Amino acid sequence: MMTTRSILAQAQQRQPVQHGEVWLVGAGPGDAELLTLKALRVLRQADVVVFDRLVSAEIMALVPTRALCIDVGKSRGCQRLAQENINQLLVELARSGQRVVRLKGGDPFIFGRGGEELDYLQLAGLICHVVPGITAATGCAAAVGLPLTYRDCAQSVRFVTGHVRDGEPQLDWPTLADAQQTLVFYMGLSHASRLCQRLIEHGLAARTPVAIIERGTQPEQRLLTATLGTLAELLARYQPQSPSLLIVGEVVRFCRHPALSVAGPAVSLMVKNHAAA
Ligand code: SAH
């Protein structure tokens with residue numbers, strides 16, 4: 001059983017540095033080649049790496065074997081370590097003189113609670129550095145050749161949380177239901193049908209194209225396309241799993257992946273990610 005105390009005891013046996021510092025590092029969407037050079041350098045110098053469920057095994061393989069790796073990953077229904085405990089753990093590890101890397105999927109400041117961790121670390125008086133990462137929206141869109149904006153078609157793109165509290169997504173539907181805008185829902189898979197239904201109710205056409213990108217940039221990547229009106233059927237048939245992104249907007253029609261030339265509405269395609277192979 002992993003406890004904060006047992007982790008600290010292990011970490012303290014290591015060589016301390018002068019003062020505690022924490023690097024909040026974005027690991028990108030999975031493909032290790034999408035790490036920044038800075039992220040790679042910082043990882044190679046780490047004494048302790050505190051990482052999330054979203055960080056791929058391929059990226060963890062780049063961490064030097066001498067570093068202590070702590071998995072604080074959360075999967076639905078099985079929370080390994082609560083956010084307050086993660087915050088506290090980072091502070092105590094840094095105070096014990098370790099070079100601490102807090103490695104998070106995508107970009108630490110996009111739906112990753114990186115802002116909260118930074119607040120906590122700074123309040124505790126620690127020096128913090130932030131290394132950005134490629135967020136799932138841009139990484140996954142690139143991996144399937146889907147332009148998030150396109151002249152005369154989508155003038156803006158919004159990153160939206162699909163996470164639902166108290167049963168109903170609390171979102172600004174009138175401004176989301178804009179045909180000239182691309183919507184990227186993070187954490188929206190479990191409520192994808194409801195999100196699409198609300199968009200139709202607020203004025204988007206049921207024929208608006210939709211894409212689901214499952215495990216984007218990773219070898220098991222899968223792309224599913226449908227429309228707002230047919231998404232429920234597609235979900236039932238192909239049952240995509242987390243992590244998946246839901247992208248809504250006319251830009252889905254411009255998806256340039258070669259396999260998509262045959263795609264119509266409600267088509268599922270297994271798109272092999274050759275770039276990551
Ligand atoms: N900080 C992360 C997002 C964390 S929220 C970032 O910037 O990307 C977690 C959500 O991100 C998942 O539920 C999923 O919607 C999305 N996500 C992260 N990695 C993904 C991937 N490789 N493929 C598809 N979706 C991904």
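How do the residues of the shell around the ligand divide into nonpolar, polar and charged? The shell holds 11 nonpolar, 6 polar and 2 charged residues. This is a predicted model.

## The ligand site

The ligand is surrounded by 19 residues. The closest are Asp 107, Ile 110, Thr 135, Ala 136 and Ser 244. Two of the elements named in this model, helix H6 (136-143) and strand S12 (244-248), each give two or more residues to the shell.

A polar backbone atom of Ser 244 is 2.7 Å from an oxygen atom of the ligand. For Asp 107, a polar backbone atom lies 2.8 Å from a ligand oxygen. For Met 187, a backbone N or O atom is 2.9 Å from an oxygen atom of the ligand. Taken alone, the ligand exposes 540 Å². The protein buries 94% of that area.

## The parallel sheet

Which strands form the open sheet, and in what order? There are 5 strands, and the order is S3-S2-S6-S1-S7. The pairing is parallel. Strand S3 (68-71) and strand S7 (127-131) stand at the edges. Each has a single partner strand, so one side of each is left without a neighbour in the sheet. On average, neighbouring strands are turned by 20 degrees against each other, direction ignored.

Within this sheet, strand S1 (residues 21-26) runs parallel to strand S6 (residues 99-104). The two are joined by 6 bridges. Trp 23 stands opposite Val 101 in S6.

## A helix across the strands

Helix H4 (residues 83-95) lies across S1, strand S2 (48-51), S3 and S6. The helix runs at about 155 degrees to S6.

Most residues other than glycine have a negative phi, and most peptide bonds are trans. Two places in this model depart from that pattern.

Where is the cis peptide bond? The bond joins Ser 242 and Pro 243, with omega at about 0 degrees. Pro 243 sits in the loop between helix H9 (231-238) and S12. S12 is one of the elements that give two or more residues to the ligand shell.

The other place is Arg 215. Its phi is positive, about 50 degrees, although Arg 215 is not a glycine. Arg 215 lies in the loop between strand S10 (209-214) and strand S11 (222-227).

Thr 230 is in the loop between S11 and H9. What does the side chain of Thr 230 reach? The side chain reaches the backbone nitrogen of Thr 227, at 2.9 Å.

Thr 230 can also be placed against a residue elsewhere in the chain. Thr 230 and Ser 193 are 37 residues apart in sequence. In space, they are 9.2 Å apart, C-alpha to C-alpha.

How values were computed: Residues numbered from 1 in each chain as written. Predicted model: local features only at pLDDT ≥ 70, side-chain atom pairs only at ≥ 80, totals over all residues. Heavy atoms only, no water. Pairing = 2+ DSSP bridges. Helix = DSSP H or I, 4+ residues; strand = E, 2+ residues; numbered from the N terminus. Axes fitted to C-alpha atoms, helices over the stretch in contact; angles between N-to-C directions. Contact = heavy atoms within 4.5 Å. Near = heavy atom within 4 Å. Polar contact = N/O pair within 3.5 Å; in protein donor to acceptor, adjacent residues only side chain to side chain. Areas by Shrake-Rupley, 256 points an atom, 1.4 Å probe, with all protein chains shown as cover. Nonpolar A, V, L, I, M, F, W, Y, C, P; charged D, E, K, R; others polar.
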